[in-house]
Structures are given as structure tokens and as C-alpha cells.
Amino acid sequence: MNGRKSFGGGSSSGGGGRGGRGGQTAQQGKDAQQRRPMFRRRKVCKFCADKIDDINYKDTRLLMPFVPERAKILPRRISGTCAMHQRKLRTAIMRARQLALIPYTAE
Amino acid sequence: MSRKYELVYIVSPDATEDQVTDLHTQVDGIVQRMGGQIEKTDNWGRRRLAYEIGRHKEGTYVLEVINGSGELMKEIDRRLKVFDLVIRHLVVRVDDDQEVIERTRSRRSEASRRRRIARGLPPDRLPGEGQRGEPDDDRDDRFDMGEDLR
């Protein structure tokens with residue numbers, strides 16, 4: 001529903017949608033016909049899937065997966081988060097940063 | 001007009017326990033004086049900061065949930081800026097968001113009950129009924145950044 005469409009046959013896993021991968025399959029449209037069909041994990045908004053209503057700036061456990069090594073906010077295109085939740089996530093992360101719960105940047 | 005706010009402030013690690021409680025009483029004093037009330041206080045204790053503030057690497061976090069007016073919070077904000085012991089603070093209004101969360105939650109459970117009744121099932125899910133959930137994905141540590149930041 002919320003995720004992007006998946007190429008080829010149905011991707012098997014339905015689970016958590018925060019996959020940090022999948023980018024490399026994008027630019028191979030033509031080649032894909034000759035090669036094996038590409039399997040791409042279907043991305044689902046984690047907050048919709050897990051029914052997390054409250055994206056709270058105090059909950060570092062929840063936010064940490066969305067700020068990988070460089071401490072930048074993981075883009076929607078990669079995490080698969082829906083627009084509404086990405087917005088809420090953003091405010092939460094920015095508040096947590098002010099309170100030094102999450103870094104602005106990694107050294 | 002009373003609203004609900006959350007105030008988090010970080011006290012310098014050099015401060016003693018007494019100074020932290022003293023700070024709390026000061027905040028309480030302002031709140032009392034301006035006709036608000038503190039709903040909850042939570043001392044998170046000493047935590048590592050994600051980055052240095054000033055030259056501090058640690059700090060004591062205190063959370064206060066306050067019912068009061070915007071004027072009151074403005075005053076508290078102004079006062080906290082002055083205290084040298086408070087190295088960072090944040091005021092967030094929460095009542096609206098909580099209401100929205102409450103509403104989505106109740107709407108969801110209501111919808112599920114309606115669907116269950118339509119299917120001729122008891123409105124509430126019985127223990128052990130339905131599909132087994134997938135194994136918990138929370139253990140995924142791909143993006144975790146180490147224990148010390150928690």
C-alpha cells in the first residue's frame with residue numbers, strides 16, 4: 001500500500017521496511033531483462049506497519065535506526081517511511097538533537 | 001488557557017544533587033506563582049551527551065510536565081537561559097499531539113472491533129488468537145550507534 005512497487009516476482013519478505021539497501025537495483029532497467037529478475041525488498045513504512053502513533057523525541061531507541069553513521073536523517077526513498085511519518089520523525093529527530101540525545105553529525 | 005508542556009533541561013555535570021533539586025524548586029516556584037502546576041517530574045539522571053555542549057560531555061537530564069499558560073512557559077524559558085548551571089533546555093507543547101495520538105488509537109481499535117463484529121467474532125481479540133507475529137525486528141542493530149548514546 002504505502003511502499004513502492006517491487007520489480008519482478010513478488011518480493012518475499014513483508015517485514016520491517018527500514019531496509020538500508022535496495023538502491024543499487026534502480027538504474028538497471030534494460031539489463032534487467034537479460035539478467036535474472038531483480039528482487040527488491042518491498043519497503044513499508046515502519047510506523048504504519050508497527051502501528052506506532054507516537055514518534056517521540058525522547059525515544060532514542062526508536063529514532064536511532066533513522067540516523068545512520070553520519071547522523072543524517074535517513075531519506076524516505078531509502079527507509080520507505082510514508083510522508084506523514086517522515087515529517088513527524090523529522091521533528092522528533094530535530095528535537096532530540098537539540099537535547100544532545102542524538103548527534104547533529106558524526107566526527 | 002491552560003496547556004500542557006514538556007520541559008527538559010540539562011544540568012551541568014558539575015552540579016551537586018542539591019543544586020539539581022534546588023533548580024527544580026525554583027522552576028516549581030515560578031510555576032506556582034504563575035498559576036500552573038507540575039504534573040510530573042522525571043530525573044533521567046546523568047547521561048552522556050551526543051555532542052559536547054560547552055566543554056561538557058555529560059549532563060543530568062530533568063523532565064517536567066507542566067500544565068500552564070504560554071506566558072508561564074515564556075517566563076521559565078527566559079529564566080532558564082540565565083542559569084549557568086542549565087546548559088541546555090527545551091520546551092515543547094504536547095497537548096495537541098497527545099490528543100491526535102489518542103484519537104488515532106481509539107479510531108483504530110474501534111475500526112478493528114467493527115470489523116470483528118461484522119465477521120461474527122467477539123469484539124476483542126482473545127489471547128493466542130490470530131496469526132503469530134513475525135519475529136521482532138527491533139533487535140536489528142544495523143544502524144545502532146553503540147550503547148553509550150542510549
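Helices here are DSSP runs of H or I with at least four residues, strands are DSSP runs of E with at least two, and both are numbered from the N terminus. With that in hand, let's walk through the model. It is predicted, so local features need pLDDT of at least 70 and side-chain atom pairs count only at pLDDT 80 or more, while totals for chains, interfaces and linings use all residues. Residues are numbered from 1 along each chain as its sequence is written, and chains are lettered from A and ligands numbered from 1 in the order in which they are written.

β2(B) and β3(B) share 11 bridges in the antiparallel sense, and Lys40(B) has Val65(B) in β3(B) as its bridge partner.

Next, look at helix α2 (residues 70-82) of chain B. Its 13 residues should span 18 Å at 1.5 Å a residue, and the end C-alpha atoms are 19 Å apart, which agrees; the expected span is 1.5 Å times one less than the number of residues. Leu72(B), Met73(B), Ile76(B) and Leu80(B) in this helix are buried, that is, 20 or more other C-beta atoms, placed from the backbone, lie within 10 Å of their own, whereas exposed residues have 12 or fewer and partly exposed ones fall in between. These four cover an arc of only 95° around the axis, which puts them on the same side of α2(B); the arc is that of the directions from the helix axis to the C-beta atoms. On the other side of α2(B), the exposed residues are Glu71(B), Lys74(B), Arg78(B), Lys81(B) and Val82(B).

Lys51(A), a residue other than glycine, has a positive phi near 55°. Lys51(A) sits in the loop between α2 (46-49) and α3 (60-63) of chain A and is exposed, with 9 other C-beta atoms within 10 Å. Ala100(A), also not a glycine, has a positive phi near 60°. Ala100(A) belongs to the segment after α5 (83-98) of chain A, and counts as buried with 24 C-beta neighbours inside 10 Å.

Technical notes: Pairing = 2+ DSSP bridges.
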